[in-house]
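Reader: I have a structure open and would like to go through it with you piece by piece. Could you take my questions as they come?
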Amino acid sequence: MASQQQQQQQDGSQPRQQQALPAAEVTELAQTLERDVTAGLGVSSELSDALVSLCQAGDVNQLMLIVSRVSLEQTVLTDDYDCASILHIAAASGRQDIVHSIIPLGARVHAQDNNGRIPLHAAAAHGRVQVVQDLLRPAPQTIDAQDNDGNTALHLAANNNDAQLCLKLMHANADPGVRNNKGKTALDLASDEHVIQVMSPQFNGPQLVDAVKTGSFCTLQSLLTRSNVNYTIPEQQLASLLHLAATLHNPSLVHLLIRSGADIDRGDAQHMTPLHWAAAACDIEAAHALLTHGATVDVCDATLTTPLLKAVKCCCYYMLMYRKATAASPTTPPSAASNASPRGQPTTRARAATYPYRLQGSPSGVAGRSAVAPGILQAPATQHAEGSATSPPHHHHHQQQQQQHHQQQQHHQQQQRESPAAQQFAAKYRQAVEFVKLLLQCGASPNIADSKGNCALHYTAIHCLPDVTHALLMHPSTDVDIRNQDGNSPLHLACQHDSERVVEMLLPKVADALLCAWTDDLDDADPATEHQAQTDSAFTSAPPTPCSGHHTAKTGDAPEATNSNSNVHETTFAAVDGSKRKVSPAANKFGFTPLDLCPPGSTCLTLLLAARVLSL
C-alpha cells in the first residue's frame, strides 16, 4: 500500500476511489457542520476526518452536499491537519476533480495553513504535477509564494528531486534565485543531476538559440524558464537571446522574452544593449517593443555610443554604400560619375544627384536670416533662370511647379537606373532614418558625444544627410553649436566636407559668432572698414583654407601655451608673417573658422558669406 501511494505521488495520478458514505450519514454531517460553523465552533475533529476521507476518496457529490450550506472559506480543518482548507487536502491528494469543483465555489488558492503553506505548496510537496498547473492557472502570481520557512514550491520540488515538477515550475516562470530562511536556493537543495541541469542558466541553450533564429514562437515558449531566459551566446559577443531577437524583425519574440524575465538593458561584451543591436539592424518594431517595456534610451556602450548615435552611424554607412553602388552602376549617368572629388568622395552636386531619401517640406535653410533677402542665398544660375527681380509672383510659382515636376521625373528615372544593391541600401537607409526619428520621439538626447567627441549632428554634417539633420534640428534640445574634441561644430564639418544642404539647414540656427569671417587680425581697424574689406576680398579672391595660409596658422603649428583657464577667445596663433593674432570665437582648436574650411568657389562659401552679411 505504501509503495502504491509512493508511485501515485511520483506520477501525480489520481488515488483509488474509496467506498461512498451512506446518504443518511452525509446529511447528518452536513447539518452538524452548519450548526458548528454558525455557532462559531469551527470544524470538529470528527467532521475534519470525514471531509479528509471524502477528499481522498474523490467523492465530489457527497463533499459538495456537506459543505454546500456553509462558506468554503469558513471550512478550516482542525490542528491535526495544520488548520488546512479542503483545497489543501485535495491538492495534496492529487484530486483534480475536487480542485476543479471547489475553486469556482469560492475555495481560496491563497489560503494558508499553520505552516504558512498555500495549496500550491501542498501539491508541490506531494509531487502533484497536474494539480500544480491547475492551481497556477487562476493565480500565476503564487508561483514564488513562500511558506514560514521561506520555501517556494520550487524549493519543495527540488528537495524531493522531482525533475518533472521542477521543469514545469521553471516553465511557469518560477524564480530559482529565491532563498529560504536558511539562505538556500532551490538549486542548493537539489541533489539529482537532472534537476540541477533543469535549473541551470545554460539549460536548453542551443535549442533556445535555434528557436530564436528560426522565429519559432511556440518552441521558444516551451523551452524558456526564468533561469535560462538570459542565456549567454558565447559565439556572439556574449549576447543574450534578447539581443539576438532584437535584430530579426520579429517583435513577438521580443515581447515573449521580456515577459519571461529577460534583462532588457543587459550589455554584451562591448556593453551594447538590445536597443543598440536593434539600432544596428534598423529593427524599428523591436525597438518600439523594448522602449515600451522601459528600455534605457540613452545608455552608452564601450565606445560611449548611444542607440541614437548607432542609428545615425548606420544612416551614414548605408548612404555611403548607396553612393558607391550608384557610382559603380553601369547605368549611372556620366555626369554623376564625373562629379567625384579628388579624395574619392562624391561632391555636393554628385550627392544631390544620387540621394535616395528626399525631404518633403523640409526647411530650405533660408528661413531665418535669409528671409530679409531670399535671393542672396540662391545659386546664381537659379537667379538668372528666373529672370529679373520684377517678375510677377505667379510666374515664379509656375516656374517652381515646373522645377518640382522636373525633379520628380529625374528621381523616377534615377530609381529605374539603380542597381538592386543600390535599391537595397536605399531601403535600409530609410529604415535607419525612421529609427532615428523613433528614438528622438522617445526622449533620446541628440547631444551625447561618443569617444571621439562627435555627436549626431557632427556625423550628419560629415556625410551630408539632410533628412537626419532635419530630424535632429526639430528636437528642442539639440545644440547646433556643440563642439567635438577638435573644437569643430557641425557647421565646421559641413563646410569642410562641402555638405551644402546641411549648411543651408544649420545657418538659420547657429550662433552669430560662428558666422565670423577669417581670423580677426584687424583689431585696431574700424569695424565698418574691416567688414567691408573682408566681404570684398571674400567675393573676389579664393577663401582661406587650412592649406592656403591666408589669415590662418601654418599647418602643424600648435597654439602657444596660455593660461589653463583661458578659452578659445584668448588663444593666440603665430601667423605666416610671424605676427600674433587673436583667434575668432568661431575657430576650432587649430584656429580655423567655418569660412576657412569652405572649399574654394563652393556654394557653402556663398551661403556663409550671405548669412554673415544678413547678420551684421
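Reader: To start with the side chains, which residue does Arg226 meet in a salt bridge?
Author: The side chain of Arg226 meets that of Asp175 in a salt bridge, at 3.9 Å from N to O, where the term stands for a side-chain nitrogen of Lys or Arg within 4 Å of a carboxyl oxygen of Asp or Glu. The pair links distant parts of the chain, 51 residues apart, with Arg226 in the loop between α14 (217–223) and β1 (232–233) and Asp175 in the loop between α10 (163–171) and α11 (186–189). Before we go on, please keep in mind that this is a predicted model, in which local features need pLDDT of at least 70 and side-chain atom pairs count only at pLDDT 80 or more, whereas totals for chains, interfaces and linings use all residues. Residues are numbered from 1 along each chain as its sequence is written, and side-chain values use heavy atoms, with hydrogens and water left out.

Reader: What about Lys313, which residue is its salt-bridge partner?
Author: Lys313 meets Asp450 in a salt bridge, with 3.3 Å from N to O. This pair also links distant parts of the chain, since Lys313 is in helix α19 and Asp450 is in the loop between α24 and α25 (456–463), 137 residues apart. Lys313 is partly exposed at 28% relative accessible area, whereas Asp450 is buried at 5%.

Reader: And how many residues apart are Lys437 and Glu434 in α24?
Author: They are 3 residues apart in helix α24, which means that about one helical turn separates Lys437 from Glu434. Their side chains meet in a salt bridge at 3.8 Å, N to O. An α-helix has 3.6 residues a turn, so residues three or four places apart point the same way.

Reader: How many salt bridges does the structure hold?
Author: The structure holds 8 salt bridges.

Reader: Changing topic, what does α18 pack against?
Author: The buried residues of α18 (residues 284–292) are Ala286, Ala287, Ala289, Leu290 and Leu291, and they pack against α15 (241–245), α16 (251–259), α17 (274–281) and α24 (420–441); a contact here means heavy atoms within 4.5 Å.

Reader: Which residue caps the N-terminal end of α18?
Author: Asp283 does, with a side-chain oxygen 3.5 Å from the backbone nitrogen of Glu285. After α18 comes Gly294, whose phi is positive, near 95 degrees.

Reader: Which residues other than glycine have a positive phi?
Author: Among them are His271, with phi near 65 degrees, and Leu304, with phi of about 65 degrees. His271 is found in the loop between α16 and α17, and Leu304 lies in the loop between α18 and α19 (307–328).

Reader: Where is Thr142 found, and what does its side chain reach?
Author: Thr142 is in the loop between α8 (129–136) and α9 (153–159), and its side chain reaches the backbone oxygen of Ala139 at 2.7 Å. Thr142 is buried, with a relative accessible area of 6%, and, leaving aside neighbours within four places in sequence, Thr142 is in contact with His110, Ile118, Leu120 and Leu136.

Reader: One last thing, where does UniProt place the feature "repeat: ANK"?
Author: The unreviewed UniProt entry places that feature at residues 82–114, 115–137, 149–181, 237–269, 270–302 and 486–512; the positions follow the numbering used here, feature names are shortened, and annotations may be inferred rather than shown by experiment. In the model, residues 82–114 are 45% helix and 0% strand, with the end C-alpha atoms 5 Å apart, while residues 115–137 are 65% helix and 0% strand, with the end C-alpha atoms 23 Å apart.

Technical notes:
Helix = DSSP H or I, 4+ residues; strand = E, 2+ residues; numbered from the N terminus. Buried < 20%, exposed > 50% of the residue type's maximum accessible area, 1.4 Å probe, protein only. Polar contact = N/O pair within 3.5 Å; in protein donor to acceptor, adjacent residues only side chain to side chain.
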